[in-house]
Amino acid sequence: MEILVIGAGVGGLAVARGLLAEGHRVRVYEQAPARRTGGKAVLIWSNGTAVLNDLGVSLDGAGCRIDRIDALTSDGRLRTSMNIAHAAGRFGFETKAIPRHDLHQRLSDGLPDDLVRYGMACQSVTQDEGGVTATFADGSTATGDLLIGADGHHSVVRRHLWGDGSVQPATFGTWQGLSPIDIDLTGTNHHLMITGREGACGLMPGGDGLLQWWFDVRWSPTDPQPASPLAELRRRFGHWASPVPEVLAAATEEDLNFFGHHWNKVREVVGEGRITLIGDAAHTMPPTLGQGANQTLEDAWVLGRELTKGGDDPAVRLRAYEKARYPHISLVSRMAKRNPANLRIPPLIGRLIPETAQTPLLARFSNRLTEVPALQSA
Ligand SMILES: Cc1cc2nc3c(=O)[nH]c(=O)nc-3n(C[C@H](O)[C@H](O)[C@H](O)COP(=O)(O)OP(=O)(O)OC[C@H]3O[C@@H](n4cnc5c(N)ncnc54)[C@H](O)[C@@H]3O)c2cc1C
């Protein structure tokens, strides 16, 4: 089949990879002028690395393996600890923090040079009995048998299918940086998640001496941005226990980006006819569980497998993909809507759940999030 993909982010590149391997003719249209070279790190959990493995994408030598996540109170007491290495051993796939541009690079490795057409902003899509047509900002058009909207949380393809107003602001946003901060944690495989009255702070090594650090704060789209975000973060979080003050002392304004989060109610039927959506276009959610990109990879994987099944009517395969994804995505999305600062397990309860009980709990929870058989049977 001739398949058009709108957007060359994690989802667009992953789905193109899988479909090309199955012998489809694929063209990807990306509005940016060139492949992404910046961006912060994302956490790719075992379900994401399992999909990447199946797509022939290795993360060896990139980013940093995460073996443990400690949840702390703002005064430094341990709420609970998750042994990710143990779970990864059970699943067979590790969890990694990886800079986004490295992930894009790895997803692009080995793909034909002319697969992605850059500088092509899709403005509208139409379909009829015979196929689909995408129209771009420069007035050109492309036609195919199917169209996949992988164009992220401001998706034009979703707007065509669902109309306006389906995505709402969440209650919080994130100040985030990925920078060379020389504290002990940067050289480890440990991820800290610290929560308190003022918000939440995440710290995670990103490989190559980089530390990914972020602060989640209450936010609404009408809030004015602080004149000096770093001064505001130091005022708000500077009294928290080590290593938060050290991170804030070493950070610079240039490292910082702000993301106001959004959310949409997941739909059972996402697309229509010969058009479907994957990734944030279908399920925009805050990064509370760090599953947005992982679920996007799962979308790409499931959609690719559905389309290998053949049959006369491709629309039937697209609806089968959407049906398969719905239970997983709706669970993740509902959980991700919560502000991480509200996820405050009292230290005593955390200590009452022994680590030996946590791995099976984490495994069971992870199985509900994933479609990948290797993990579901773990
Ligand atoms: C602060 C923050 C932290 C996060 N951390 C994590 C994490 O740790 N783990 C995790 O799994 N997820 C994380 N996520 C979520 C993750 O980034 C997204 O879920 C993921 O990038 C979605 O991939 P996508 O391909 O659907 O969209 P995107 O990666 O946004 O890609 C969409 C692409 O489409 C292009 N595009 C848009 N409109 C058009 C158009 N009209 N025409 C052509 N091209 C177009 C864009 O330029 C872009 O390249 C985080 C998100 C945020 C904001």
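The questions that follow concern a predicted model.

Q: Why are strand 8 and strand 18 called edge strands?
A: The open sheet has the order 8-2-1-12-18, with parallel pairing. Strand 8 (116-117) and strand 18 (275-277) each pair on one side only, and they are therefore edge strands.

Q: How do you know that strand 1 and strand 2 pair?
A: Pairing requires at least two bridges between two strands. Strand 1 (residues 2-6) and strand 2 (residues 25-29) have five bridges in the parallel sense, so they pair. Within this pair, Val-5 has Val-28 of strand 2 as its bridge partner.

Q: What describes the packing of helix 2 and helix 8?
A: Two packed helices are described by the angle between their axes and the distance between the axes. For helix 2 (residues 46-54) and helix 8 (residues 292-307), the angle is about 35 degrees and the axes are 8 Å apart. Their crossing is left-handed. Residues in this contact include Val-51 and Leu-52 of helix 2, and Leu-297 and Trp-301 of helix 8.

Q: What makes up the contact of helix 2 with helix 8, by class?
A: The contact has five nonpolar, three polar and two charged residues.

Q: Which residues around the ligand come nearest?
A: Of the 33 residues around the ligand, Gly-7, Gly-9, Gly-152, Gly-279 and Gly-292 come nearest.

Q: Which element supplies the largest share of the shell around the ligand?
A: Helix 8 does so, with four residues.

Definitions and conventions: Residues are numbered from 1 along each chain as its sequence is written. This is a predicted model: local features need pLDDT of at least 70, side-chain atom pairs count only at pLDDT 80 or more; totals for chains, interfaces and linings use all residues. Axes are lines fitted to C-alpha atoms, for helices over the stretch in contact, and angles run from 0 to 180 degrees between N-to-C directions. Helices (H or I, at least four residues) and strands (E, at least two) are DSSP runs, numbered from the N terminus. A crossing is left-handed if the near helix is turned anticlockwise from the far one by less than a right angle, and right-handed if clockwise. Two residues are in contact if their C-beta atoms, placed from the backbone, lie within 7 Å. Ala, Val, Leu, Ile, Met, Phe, Trp, Tyr, Cys and Pro count as nonpolar, Asp, Glu, Lys and Arg as charged, and the others, Gly among them, as polar. A residue is near a molecule or strand if its C-beta atom, placed from the backbone, lies within 6 Å of it.
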